[in-house]
Amino acid sequence: MKLCMIGTGYVGLVSGVCFSDLGNQVICVDKDLEKINKLQNGIIPIYEPGLDELVKRNIKNKRLTFSNDLKNSIKKSDIIFICVGTPTKKGSSRADLNQIYDVAKELSKSLNKFKIIITKSTVPVTTGDEIEKILSRKNSKNKYAVVSNPEFLREGEAIRDFVYPDRVVVGSNDKKTSKILKKLYSPLIAKGAKYVHTSRRAAELIKYASNAFLATKITFINEIANLCEKTNINIDDISIGMGLDQRIGSRFLRAGPAYGGSCFPKDTKAITSTADKFKTNLTVIKSVIKSNENRSKLLLKRVYEILNNKIKNKKISFLGVTFKANTDDMRDSSSLKMIPELSKKGAIIKYYDPTGFKKEFKNYKNVQCAKSLSICLEKTDLIIIHTEWNDFKSLDFSRLIKNKKTFIFDMRNLYSAEEMDKKKIKYFSVGRGS
Ligand SMILES: NC(=O)c1ccc[n+]([C@@H]2O[C@H](COP(=O)([O-])OP(=O)(O)OC[C@H]3O[C@@H](n4cnc5c(N)ncnc54)[C@H](O)[C@@H]3O)[C@@H](O)[C@H]2O)c1
């Protein structure tokens, strides 16, 4: 099939490349010329394990191309995936749909024959209806079908998630397009993915409801961790004990920093805003948002306690700054709240992240990117393990820390408190009592 991905970011690039690997002809389009130039030269603009190899393979076998010519790419394709960003609108909780509607207007000018137009971007309920309205101004109804096919991939495991999804959700109001999409996804269905056909609005809501539920699970366990700290219980025992109940499940049940990333923060806000519009009060999700906003403040408070409220000139080393491991994505990472706050209080901060320098901290004089883990750990008062990269999971701190007064605050519970105690390392973690 001839596909066009509009927006070549995390979702558009990964899904475009994977579709081409399944034998389809794919054009990935982006308005960012620098990104397209890089991709045309085999340079991958994001960190995503395994992506490099797939891109090269499919460029070589001529199934994958990159372009910034939207009009022509649309004309050459039968199925168009909209994969542009849907960030939070400034000053509100709503999803900003400008990128989606700009694309819809472009599409409307270029429908030379029947095309299936799919939102893969996460969009609020009724966005498909709006896209249809835009298209209908210039085109007859037999020129297009508007479908919702939300994407559930996780950064860091995006290729695996795309190739082996739990489910493929297709929301279309007619059976013919659903049949075509079922065929497109048939290699994944053959490997065990469930194909779920719903109304377009239902598919739009499934995505938001799923993300809001996962965010709720994280927030829930973070709050239980707070109780564990007061009652001298190990949160890891609670996660195991709860997670083994198949109705609950063990994933997204690990205490840690506030959830971040490009999806949960914006999607939880957007679903409550959509619900408000339809006069429905989603009180659970609203309190999840509030609790998560408090989480970074709470962990900062623990940092102050560990340092005895003397932050000025204290040397703090952050291990990992991305919102999770195996991605370079900094969007809404809790480090963006914690590092500026500590820097404002006069701390001298070094960070080491396997994905390197982060422009988000470049304007902070007392925040520096360390070139290596050992440089980051040199002469420090406090080590904060912020992101659960494998690189940080089995460090020999007895050897690495020269200053015996150095504290470790492990926000991901990567290490055993007992082992650290035996080694006489001043170690703090999350939700583990004293
Ligand atoms: N990142 C994830 O893990 C993830 C997972 C599932 C769903 N989603 C959803 O997918 C959507 C895209 O997310 P992302 O993380 O890939 O975003 P992104 O910001 O990485 O990529 C979006 C791309 O769209 C391009 N773009 C914007 N307007 C354009 C236009 N008119 N023409 C061509 N290109 C245009 C931008 O230049 C950018 O490269 C969002 O709605 C997001 O919520 C993201």
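Colleague: In which helix does N58 lie?
Modeller: This is a predicted model, where local features need pLDDT of at least 70, side-chain atom pairs count only at pLDDT 80 or more, and totals for chains, interfaces and linings use all residues. Residues are numbered from 1 along each chain as its sequence is written, and side-chain values use heavy atoms, leaving out hydrogens and water. Helices (H or I, at least four residues) and strands (E, at least two) are DSSP runs numbered from the N terminus. The run at residues 51–60 holds N58, and that is helix α3.

Colleague: What is the relative accessible area of N58?
Modeller: N58 has contacts (heavy atoms within 4.5 Å) with V17, S20, D21, R63 and L64, leaving out residues up to four places away in sequence. Buried means under 20% relative accessible area, exposed over 50% and partly exposed in between, with a 1.4 Å probe and protein chains only. N58 counts as buried, at 0%.

Colleague: Which residue of β5 stands opposite F81?
Modeller: From β4, I79 and F81 point one way while I80 and I82 point the other, and all are buried. Strands pair if DSSP finds at least two bridges between them; β4 pairs in parallel with β1 over 4 bridges, and with β5 likewise over 4 bridges. C4 has I80 as its bridge partner in β4. On the β5 side, F81 faces I118.

Colleague: Within what arc do the buried residues of α5 fall?
Modeller: I100, Y101, V103, A104, L107 and S108 are buried in α5. Their cover includes β1, α4, β4, β5 and α6. Taking directions from the helix axis to the C-beta atoms, the buried residues line one face of α5, because they fall within an arc of 155 degrees.

Colleague: At about what angle does α13 run to β13?
Modeller: β13 belongs to an open sheet of 6 strands with parallel pairing, in the order β11-β10-β9-β12-β13-β14. Its edge strands are β11 and β14, and the twist averages 20 degrees from one strand to the next. Axes are lines fitted to C-alpha atoms, for helices over the stretch in contact, and angles run from 0 to 180 degrees between N-to-C directions. Helix α13 (283–306) lies across β12, β13 and β14, and its angle to β13 is about 165 degrees.

Colleague: Last one: what separates the C-alpha atoms of A193 and R251?
Modeller: A193 sits in the loop between α9 and β8, and is buried at 8% relative accessibility. Beyond its neighbours within four places in sequence, A193 touches P165, D166, V168 and L188. R251 is 58 residues away along the chain, and the two C-alpha atoms are separated by 19 Å.
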